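Please read it beside the sequence and the structure shown here.

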Amino acid sequence: MPSPLRSALLLMAATLTLTLPLLGCKKPEVSGPAQTGFDALAAACTQALAAREPHVRPGGVGEWIKTGYSPALVQPEVTRTESAVTPYVGKIVIKDNEAQAAATTEAAAQAITLTPAHLLSNRTHTFIYSFDGKQWRWQNGQRLTKIPGQNDRLEALTLADVNAAGPKGFAGCLPR
């Protein structure tokens, strides 16, 4: 029967054996189809967001609302995993601002030039993707909204939210 001291020494030796090869080790760089595909996805996302135009929609009774978005900062990141099933995961973080103004007619709302004075909120969207060795797939997303004078809101985004048509959607940020 092994003594407690011997068991502790064996455990320490096993831990060192497993840990020492990892010290100073860097994960391999992401390259090949995973990086190329994710770069293309991030570029398509950036282009789609840059093409957004302000839109006007009916508000309350006798009110039209114009909503616009600032140019988005798109930050892509790919990480290699130890999984054979999902060897890479990717994340795109999008930061933008939402501005809104209201008018009594649709034409008056269309004529509004949105400025920083119309700032409604600062938003951060985070989209997570996985790569199965062949293609990227969208996994999930969330939006953090900061509205001055209110509590921050964090909401999960569904695939339908992200794939929505028009200026509110992020269809350009989905793998095709």
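The lining of the second largest pocket comprises seven charged, six nonpolar and two polar residues, where Asp, Glu, Lys and Arg count as charged, Ala, Val, Leu, Ile, Met, Phe, Trp, Tyr, Cys and Pro as nonpolar, and the others, Gly among them, as polar. The model is a predicted one, in which local features need pLDDT of at least 70, side-chain atom pairs count only at pLDDT 80 or more, and totals for chains, interfaces and linings use all residues. Residues are numbered from 1 along each chain as its sequence is written, and side-chain values use heavy atoms, with hydrogens and water left out.

**Pockets**

- The second largest pocket holds about 190 Å³ of space; a pocket is an open set of points on a 1 Å grid over the protein atoms alone, where a 1.4 Å probe fits, with protein on both sides within 12 Å along at least five of seven lines.
- This pocket is lined by 15 residues, and Tyr69, Glu98, Arg123, Arg143 and Lys168 are the closest to its centre; lining residues have an atom within 4 Å of a point.
- Two or more residues of that lining come from each of β4 and α4 (159-162), the helices (H or I, at least four residues) and strands (E, at least two) being DSSP runs numbered from the N terminus.
- The largest pocket has a volume of about 220 Å³, a volume being the space filled by probe spheres set on the points, which are joined across faces, edges and corners.
- Among the 14 residues lining the largest pocket, Gly68, Tyr69, Ser70, Pro71 and Asn97 lie nearest its centre.

**Nonpolar cores**

- The largest nonpolar core has 21 residues, of which Ile92, Ile94, Phe127, Tyr129, Trp136 and Cys173 touch the most other members; such a core joins buried Ala, Val, Leu, Ile, Met, Phe, Trp, Tyr and Cys residues through side-chain atoms within 4.5 Å.
- α2 provides the largest share of this core, six residues.
- Beyond its neighbours within four places in sequence, Phe127 is in contact (heavy atoms within 4.5 Å) with residues including Ile92, Ile94, Trp138 and Cys173.

**Strand β2**

- β2 is largely enclosed by the rest of the structure, because five of its six residues are buried, that is, under 20% relative accessible area with a 1.4 Å probe and protein chains only.
- β1 (residues 55-58) and β2 run antiparallel and are joined by four bridges, strands being paired if DSSP finds at least two bridges between them.
- Six bridges join β2 to β4, also antiparallel, and Lys66 has Ala101 as its bridge partner in β4.

Definitions and conventions: Buried < 20%, exposed > 50% of the residue type's maximum accessible area, 1.4 Å probe, protein only.
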